[in-house]
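Here's a quick briefing to read with the model open beside you.

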Amino acid sequence: MRPADHLLPRDQQGARSQQLLIVLLGDYWHLRSEPLPSAALVALLTLFDVTPAGARAAIQRLAKRGFLITVKNGRTTAYAVSPMSQESVDAHVELLFRSHIPRPWDGTWSVVGYSLREDQRSTRNALRERLRQSRFGNVHDGLWIRPGDRRSEVEAMVRDLAAPPSTGQLTVFTGARLPHESVTATAREAFALDELAAAYRRFVEQWQPVAARVSSLTDPGRSGSDDDDLLRVRTSIMRDWRELRHIDPMLPQSLLGADFPFERALAVCSMIYDSTGPAAEAAFRRILEPHSVDLAKHVSHHTFAAYAADAAPRPS
């Protein structure tokens with residue numbers, strides 16, 4: 001058993017290497033354009049029990065997907081993160097670190113209804129998937145809802161379809177209101193909130209014990225010998241958080257109910273992630289230094305607290 005195995009929830013071991021590398025680069029090489037040596041990326045992944053062969057395969061798959069760009073310098077291979085638009089960067093930060101901040105909602109909905117022929121099955125399937133990815137909830141076949149005015153988003157997704165529905169096959173209503181007495185029940189069914197709540201409860205059950213143990217390893221006077229362990233923990237919890245936030249429709253709090261476990265999950269995640277930041281950054285830098293001292297100087301980390309402070313209104 002590795003030294004950090006006692007920190008990680010049992011079913012978190014054997015982590016998916018591509019996701020781990022995406023999280024590692026997003027957390028400690030954020031918005032950096034400099035390529036990192038392949039050997040350094042392999043060394044980072046071996047910290048998570050990924051074999052060197054498995055690490056190289058993960059790196060190559062991410063390059064094929066376009067997430068990484070291959071840079072050759074003689075016999076040395078390095079990889080840079082593909083440039084992201086500011087819009088993509090903002091969306092990523094919003095999803096992981098700011099989406100829990102309450103936003104005003106006027107109680108209105110966007111409603112999308114469509115009726116497509118059987119020979120348009122591919123269009124129907126593509127439209128359904130795009131609506132799901134855009135966090136619409138399915139009331140029943142052909143009828144989808146989401147809080148707020150989403151007309152422009154729906155119009156954009158329809159334009160992107162290979163075979164868009166013809167006029168009269170799709171209708172978008174904005175400013176709609178659901179009957180007051182049915183709002184909560186409709187949201188629960190359309191957005192599968194019971195299943196989502198269960199996922200957040202599992203997250204809390206898995207990571208709450210880790211939070212208690214981590215607090216004893218992040219004291220200011222500690223020796224730093226646990227940095228690698230804390231990097232593993234911080235990366236693993238962000239990987240899990242990332243998966244949860246991608247499936248969460250992020251509904252207004254008034255639709256979730258007082259007992260929805262999101263706030264407990266956020267408290268556990270932010271405590272572990274923020275408190276382990278300095279140690280995890282030090283571990284990432286130490287692993288990178290043998291490959292490039294100059295690159296190691298650029299390693300950094302961010303926190304929930306910092307992003308929340310940036311999002312707070314400034315005094316006038």
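## Rings and charges

The charged end of arginine 32 lies over the ring of tryptophan 29, 5.9 Å from the ring's centre. A charge counts as sitting over a ring if NZ of Lys or CZ of Arg is within 6 Å of the ring centre and within 35 degrees of the ring normal. Bear in mind that this is a predicted model: local features need pLDDT of at least 70, side-chain atom pairs count only at pLDDT 80 or more, and totals for chains, interfaces and linings use all residues. Residues are numbered from 1 along each chain as its sequence is written, and side-chain values use heavy atoms, with hydrogens and water left out.

**Around tyrosine 273**

- Arginine 234 puts its charged end over the ring of tyrosine 273, 3.6 Å from the centre.
- The model holds 13 aromatic pairs, where rings of Phe, Tyr and Trp (its six-membered ring) pair if their centres lie within 6.5 Å; planes under 30 degrees apart are stacked, over 60 edge-to-face and the rest tilted.
- One of these is tyrosine 273 with phenylalanine 304, an edge-to-face pair at 5.6 Å centre to centre with 85° between the planes.
- That pair ties together distant parts of the chain, 31 residues apart: tyrosine 273 belongs to helix α11 (residues 262-275) and phenylalanine 304 to helix α14 (residues 304-311).
- Helices here are DSSP runs of H or I with at least four residues, strands are runs of E with at least two, and both are numbered from the N terminus.

**Helix α3**

- Ala55, Ala58, Ile59 and Leu62 are the buried residues to look at in α3.
- They share one side of α3 because they cover an arc of only 100° around the axis, taken from the directions from the helix axis to the C-beta atoms.
- The buried residues of α3 pack against α1 (17-28), α2 (38-46), β2 (68-73) and β3 (76-81), with contact meaning heavy atoms within 4.5 Å.
- Just past α3, glycine 66 has a positive phi of about 90°.

**The sheet**

- Three strands make an open, antiparallel sheet in the order β1-β3-β2.
- β1 (36-37) and β2 are at the edges with a single partner strand each, so one side of each has no neighbour in the sheet.
- β1 and β3 pair over two bridges, and strands pair if DSSP finds at least two bridges between them.
- Proline 37 has alanine 78 in β3 as its bridge partner.

Methods. Buried < 20%, exposed > 50% of the residue type's maximum accessible area, 1.4 Å probe, protein only.
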